[in-house]
Amino acid sequence: MRISFRNIFVSATAAVMMLSATSVLSAQNKRKITVAKPDLEEIRTSTLNPQSPYYFPKLMKKYESNDTTMTNEEYRHFYLGYMFQEDFDPYRVSPYASVTDDLRMKATHTKEEIDTIRKYAQLALADNPFDLRQMSFLVHVLKEKRKDMSAKIWEYRLEHLLGAIKSTGTGDSVENAWYVIYPMHEYDMVQLLGYEATDAKFIEPGYDYLTVIPDETNKTKRDKSAEGFYFNIIVPQQQYMLKHPEDEEDEIVTVETQPSVPDYYPDPDEIPAQ
């Protein structure tokens with residue numbers, strides 16, 4: 001039994017703000033990414049073993065302290081290892097994620113709008129630290145507000161998490177599919193490469209194929225000749241069914257209610273990067 005991706009495809013294609021592709025590619029060129037199919041069993045045991053340098057809480061602590069010594073392999077274990085943590089749920093949607101959708105559609109924002117987008121993006125990221133789309137939104141509004149240090153911190157995180165995905169394959173076949181922990185990350189990757197997803201197809205036993213067309217507004221990729229990309233989502237599906245055996249309808253639950261949020265939010269510019 002698999003989860004329907006139709007709702008995910010619709011919501012993903014409705015979002016128009018792009019990832020900061022130019023800066024991402026630039027940073028990846030500075031730190032070379034080695035592409036290799038991940039050993040998921042090794043990643044699972046390492047991130048669950050308190051004696052391992054890749055123990056997930058250790059990696060989370062380095063990540064949250066903005067430790068710039070984190071290696072590509074650490075980011076790879078951090079990203080993929082989250083699939084094996086107790087609180088991982090690939091189809092849970094943060095109630096904060098869509099609060100400011102209408103504001104984000106605007107090209108420019110007032111100070112009050114920037115503060116609102118920033119607050120809810122940070123709340124969504126506190127709820128799900130791997131929400132790349134919220135990370136991209138946050139970088140955008142921090143730059144708008146001239147909070148340059150905060151923007152660089154979040155941009156650095158975004159760059160290296162996308163690099164972890166890119167290190168898992170080439171995306172040009174089932175055998176070389178990119179591994180993602182959330183279906184939404186599929187759309188983030190194709191946007192990074194200068195494409196727009198037009199359709200999604202599931203391939204047994206656990207792959208997504210996104211049909212794409214070149215995004216003419218994105219000039220970061222010169223040779224836009226690909227027709228689609230493959231993504232491996234076998235483990236996220238397995239983890240979902242392990243944690244939700246009662247789910248017989250194969251439907252994604254949408255959170256309708258909007259929780260109350262605190263008015264105060266600490267300023268990340270007060271925390272220097274390490």
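In the predicted model, the crossing of helix 4 and helix 5 is left-handed. Two packed helices are described by the angle between their axes and the distance between the axes. For helix 4, which spans residues 56-64, and helix 5, which spans residues 72-81, the angle is about 115 degrees and the axes lie 10 Å apart. Because angles from 65 to 115 degrees count as roughly perpendicular, helix 4 and helix 5 are assigned to that class. On the helix 4 side, the contact is made by F56, L59, M60, K62 and Y63, and on the helix 5 side by E74, Y75, H77, F78 and G81. Sorted by class, the residues of this contact comprise 6 nonpolar, 2 polar and 2 charged.

S46 belongs to helix 3, which covers residues 40-48. The relative accessible area of S46 is 10%, so S46 is classed as buried, the limit for this class being under 20%. Within the chain, the side chain of S46 forms a polar contact with the side chain of E42 at 2.6 Å.

Backbone geometry was examined next. Most residues other than glycine have a negative phi, and most peptide bonds are trans. With a relative accessibility of 11%, N66 is counted as buried.

A cis peptide bond, with omega about 5 degrees, joins E204 and P205. P205 lies in the loop between strand 2 and strand 3, the latter formed by residues 207-214. Strand 2 comprises residues 195-203 and contains T198. The C-alpha atoms of T198 and V212 are 5.4 Å apart in space, although 14 residues separate T198 from V212 in sequence. The relative accessibility of T198 is 34%, and T198 is therefore partly exposed.

Definitions and conventions:
Residues numbered from 1 in each chain as written. Predicted model: local features only at pLDDT ≥ 70, side-chain atom pairs only at ≥ 80, totals over all residues. Heavy atoms only, no water. Helix = DSSP H or I, 4+ residues; strand = E, 2+ residues; numbered from the N terminus. Buried < 20%, exposed > 50% of the residue type's maximum accessible area, 1.4 Å probe, protein only. Polar contact = N/O pair within 3.5 Å; in protein donor to acceptor, adjacent residues only side chain to side chain. Axes fitted to C-alpha atoms, helices over the stretch in contact; angles between N-to-C directions. Parallel < 35°, antiparallel > 145°, perpendicular 65-115°, else oblique. Left-handed = near helix turned anticlockwise from the far one by under 90°. Contact = heavy atoms within 4.5 Å. Nonpolar A, V, L, I, M, F, W, Y, C, P; charged D, E, K, R; others polar.
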